[in-house]
Amino acid sequence: MSERLHIASLGVTLGGHRVLDGVELNLDAGAYGVVLGPSGAGKSTMLRAIAGLVDASGTIAIGDSVVLGPGICVSPEARGVGFLFQGLALWPHMTVEGHLRYSLKGARVPVAEQANRIRETLEPLGIADLAERRPSELSGGERQRLALARALVARPRLVL
């Protein structure tokens, strides 16, 4: 599920301040990487740039596809990136199943395939029996597993 990630000369400017400058990273397919640093160092900004959620410069390639580079800026939904947000970003009005269906719809997964994908994603995480609950009806750990399921259900090329 994880493809090679290559970042060269990544830069991000927010509010007139250069937040990232010259970031370089190479991560082989199937590898895990950890980004460490103090608060405000740009860790989340780097992940958001990889996902295409902030304007950035430089080069980002996922697998054989350049998603950011000279004259290239692939939209977030076309990058094939699953993102597990630090604050989980769960919608209070949606059920567990609704969260996953929303992700699958955005990934253009056929409706006929969605139920199987949802079941295949929820069962290993131990929350298949909670599919009709809303986030307020889940424990903290269950909410975290829901956020992880939402990041995985579309079978992304890369998970952040």
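**View 1. The second largest pocket has a volume of about 580 Å³.** The model shown here is predicted, so local features are described only at pLDDT of at least 70 and side-chain atom pairs only at pLDDT 80 or more, while totals for chains, interfaces and linings use all residues. Residues are numbered from 1 along each chain as its sequence is written, and side-chain values use heavy atoms, with hydrogens and water left out. A pocket is an open set of points on a 1 Å grid over the protein atoms alone, where a 1.4 Å probe fits and protein lies on both sides within 12 Å along at least five of seven lines; lining residues have an atom within 4 Å of a point. Points are joined across faces, edges and corners, and the volume is the space filled by probe spheres set on them. Around this second largest pocket stand 18 lining residues, and those nearest its centre are Leu27, Tyr32, Gly33, Val159 and Leu160. Two or more lining residues come from each of β2 (17-27), α1 (43-51) and β7 (158-159). Helices (H or I, at least four residues) and strands (E, at least two) are DSSP runs, numbered from the N terminus. With four residues, α1 supplies the largest share of this lining. Sorted by class, the lining of the second largest pocket holds 14 nonpolar, three polar and one charged residues. Here Ala, Val, Leu, Ile, Met, Phe, Trp, Tyr, Cys and Pro are nonpolar, Asp, Glu, Lys and Arg are charged, and the others, including Gly, are polar.

**View 2. The largest pocket has a volume of about 770 Å³.** Look for its 22 lining residues: Pro76, Glu77, Val81, Gly82 and Ser103 lie nearest the centre. The elements that each give two or more residues to this lining are β6 (81-82), α2 (96-106) and α4 (140-152). Of the elements, α2 gives the most, namely three residues. In the lining of the largest pocket, 14 residues are nonpolar, four are polar and four are charged.

**View 3. Five strands make an open, antiparallel sheet in the order β2-β1-β3-β4-β5.** The edges belong to β2 and β5; each has a single partner strand, so one side of each is left without a neighbour in the sheet. Strands count as paired when DSSP finds at least two bridges between them. α1 packs on the sheet and touches β1 (5-14), β2 and β3, and its direction makes about 115° with that of β1. Contact means heavy atoms within 4.5 Å, and angles, from 0 to 180 degrees, are taken between the N-to-C directions of lines fitted to C-alpha atoms, for helices over the stretch in contact.

**View 4. Two hairpins follow one another along β3, β4 and β5.** Start with β3 (residues 57-62) and β4 (residues 65-69), which pair in the antiparallel sense over three bridges. Within this pair, Ile60 faces Leu68 in β4. The hairpin of β3 and β4 has two residues between its strands, and there Gly63 takes a positive phi near 65°. Moving on, β4 runs antiparallel to β5 (residues 72-73), joined by two bridges. Leu68 stands opposite Cys73 in β5, and Gly69 stands opposite Ile72. The hairpin of β4 and β5 also has two residues between the strands, and Gly71 has a positive phi near 75°.

**View 5. Which residues of α1 are buried?** They are Thr45, Met46, Ala49, Ile50 and Ala51. Buried means under 20% relative accessible area, exposed means over 50%, and partly exposed lies in between, with a 1.4 Å probe and protein chains only. The buried residues of α1 pack against β1, β2, β3, β6 and β7. After α1 comes Gly52, with a positive phi near 85°.

**View 6. Arg108 and Arg155 each have a positive phi.** Most residues other than glycine have a negative phi. For Arg108, phi is near 60°. Arg108 sits in the loop between α2 and α3 (111-122), and is exposed, with a relative accessible area of 73%. For Arg155, phi is about 55°. Arg155 belongs to the loop between α4 and β7, and is partly exposed, at 46% relative accessible area.

View 7. Leaving aside residues up to four places away in sequence, Thr95 touches Ala131, Glu132, Arg133 and Arg134.
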